[in-house]
Amino acid sequence: MNNNLKENAKLLLSQLNELSRPLSDCATLFISYVDNLSASGKSMGSFMYNGEKYLFRLLSSEVLEFDKNILKNREEREKWESIRSLRIAACPYLDNASYLSVVSDMPKSLVQYNDNNETYIIDYSNNLIMREEDYFHIFNVQVIERIPAHELSYFNELIGKDLTSELLYFLVISYKDMKRDMQKHLPSFAPKLYASGVRDANRKILSLADENLFLLNHERFDDNDTKHLIYQFTIDRNNSKIKRNADDSYRYLNYIFYILSDYISEKYRSDAESTRRYHRCVEMSLEMLWYLGRSRDTNTLSLVMGKIPLKGRDKTTHFWVEFKAKEQDKYYALDFTGNIIMESDCYIRLINAKEIRRISYVVLDELFAKLISSPILLDTFDVLYFAEDILRDLDKNKMLFKENC
């Protein structure tokens with residue numbers, strides 16, 4: 001970011017600080033009480049405030065190990081609160097979540113969500129989860145900006161990979177105005193179709209397109225050392241523990257695999273043998289599906305969608321291709337992310353996947369052909385998740401999508 005943006009970010013923070021109000025003595029005492037409770041290792045507690053009993057839970061009892069370590073230290077919590085609050089608001093496990101930019105004793109980030117007809121607040125900087133009504137009463141909060149979870153995909157596009165960007169300061173208090181301006185002047189970035197928020201909301205419900213928003217590098221991987229060892233080998237081929245077999249396959253422990261880049265065109269090879277292959281499983285699985293369709297029986301090809309673990313308790317969606325061997329009655333998984341080809345059962349075991357959707361080449365080919373000539377615009381994840389249903393509905397209502405429409 002240029003110096004002007006940095007200076008403006010500082011000015012913005014100073015203006016927000018002017019809106020801040022000192023905490024009441026009771027609220028200060030409450031924060032101290034929560035800090036002491038955090039150190040004791042407990043997960044919940046209660047606090048008397050103006051004669052009323054307020055219940056709360058500690059955020060550190062319900063998050064990834066990475067966050068548990070941060071939440072032990074107030075200075076670290078305040079440093080990480082914005083980006084981790086964005087991550088929590090964007091994850092698919094909270095009902096009707098929103099990211100809140102607020103001012104209390106200082107500018108800060110909160111997460112709002114619903115549970116059993118109650119609205120709760122997550123305060124990362126104070127390691128707190130409590131009812132919104134109680135939280136706002138104690139901390140005297142002024143909300144500056146509220147960004148619903150399904151809107152955070154726009155936010156993520158603006159921030160990009162630089163999660164420390166000074167632009168973050170502007171977005172957390174003026175996101176809606178900036179998005180409105182982009183919809184007006186940059187339709188290619190913010191198409192009118194998104195203006196109602198309906199499509200983004202559907203993507204949030206599916207927990208597919210947006211579930212990886214604001215992930216840090218440590219969260220993008222799991223603790224599966226065997227998988228990482230094999231994936232790294234397909235980049236540098238430098239591990240004496242992995243042996244090459246006579247048929248050009250490789251063996252590690254009881255896993256036998258082929259390296260995908262040995263069998264595909266030069267067009268894809270350099271990406272498959274580098275870290276550029278990561279976080280492109282949807283794009284490249286579809287690309288590989290069409291690639292195989294040129295030379296194989298398309299009735300034996302499928303795109304598979306599954307859930308795989310990340311670090312801690314989190315999971316993410318992953319895609320790969322399944323095909324039948326030409327000369328054997330065996331099915332293989334092709335995974336561009338790992339640059340491997342492996343028997344399907346072994347592959348599922350290697351990546352610890354739970355299959356949630358299987359879409360045949362034939363269905364996808366027919367569906368994509370229809371969508372190209374129709375006025376309907378859908379998100380890729382919607383198409384993949386509901387492929388058969390969408391195709392069935394298009395066939396049922398084909399008279400609505402004539403070329404002269």
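Mentor: Helix H12 spans residues 344-351, and its buried residues are Ser344, Cys346, Tyr347, Leu350 and Ile351. Buried here means under 20% relative accessible area, exposed means over 50%, and partly exposed lies in between (1.4 Å probe, protein chains only). Viewed down the axis of H12, these buried residues fall within an arc of 160 degrees, so they line one face of the helix; the arc is that of the directions from the helix axis to the C-beta atoms. Helices (H or I, at least four residues) and strands (E, at least two) are DSSP runs, numbered from the N terminus.

The cover over the buried residues of H12 includes helix H9 (225-236) and the strands E10 (255-259), E11 (302-309), E12 (315-324), E13 (331-335) and E14 (340-343). Contact is taken as heavy atoms within 4.5 Å. Just after H12, Asn352 adopts a positive phi of about 55 degrees.

The model is a predicted one, in which local features need pLDDT of at least 70 and side-chain atom pairs count only at pLDDT 80 or more, whereas totals for chains, interfaces and linings use all residues. Residues are numbered from 1 along each chain as its sequence is written, and side-chain values use heavy atoms, with hydrogens and water left out.

Turning to the aromatic residues, rings of Phe, Tyr and Trp (its six-membered ring) pair if their centres lie within 6.5 Å; planes under 30 degrees apart count as stacked, over 60 as edge-to-face and the rest as tilted. By this rule there are 18 aromatic pairs. The rings of Tyr268 and Tyr291 have centres 5.5 Å apart and planes at 85 degrees, so this pair is edge-to-face. Tyr268 belongs to helix H10 (residues 266-272) and Tyr291 to helix H11 (residues 281-293), so the pair ties together parts that are 23 residues apart in sequence. Both tyrosines, Tyr268 and Tyr291, are buried. Phe323 and Tyr332, by comparison, form a stacked pair, at 5.9 Å centre to centre with 20 degrees between the planes; both Phe323 and Tyr332 are buried.

One aromatic cluster is formed by Phe30, Tyr33, Phe47, Phe56, Tyr135, Phe136 and Phe139. The charged end of Lys108 sits over the ring of Phe139, 5.8 Å from its centre; this description requires NZ of Lys or CZ of Arg within 6 Å of the ring centre and within 35 degrees of the ring normal.

Glu388 is partly exposed, with a relative accessible area of 43%. Leaving aside neighbours within four places in sequence, Glu388 is in contact with Arg358 and Val363. The C-alpha atoms of Glu388 and Val363 are separated by 6.7 Å, although these residues are 25 apart along the chain.

For the chain as a whole, there are 15 helices and 15 strands, and 49% of the 405 residues count as buried. Of the contacts with a separation of 6 or more, 61% join residues 24 or more positions apart.

As to confidence, pLDDT is the predictor's confidence in each residue, from 0 to 100. The mean pLDDT of the chain is 81, and 75% of its residues reach 70 or more. Over residues 191-200 the pLDDT stays under 50, and the model has 19 contacts for them beyond four places in sequence.
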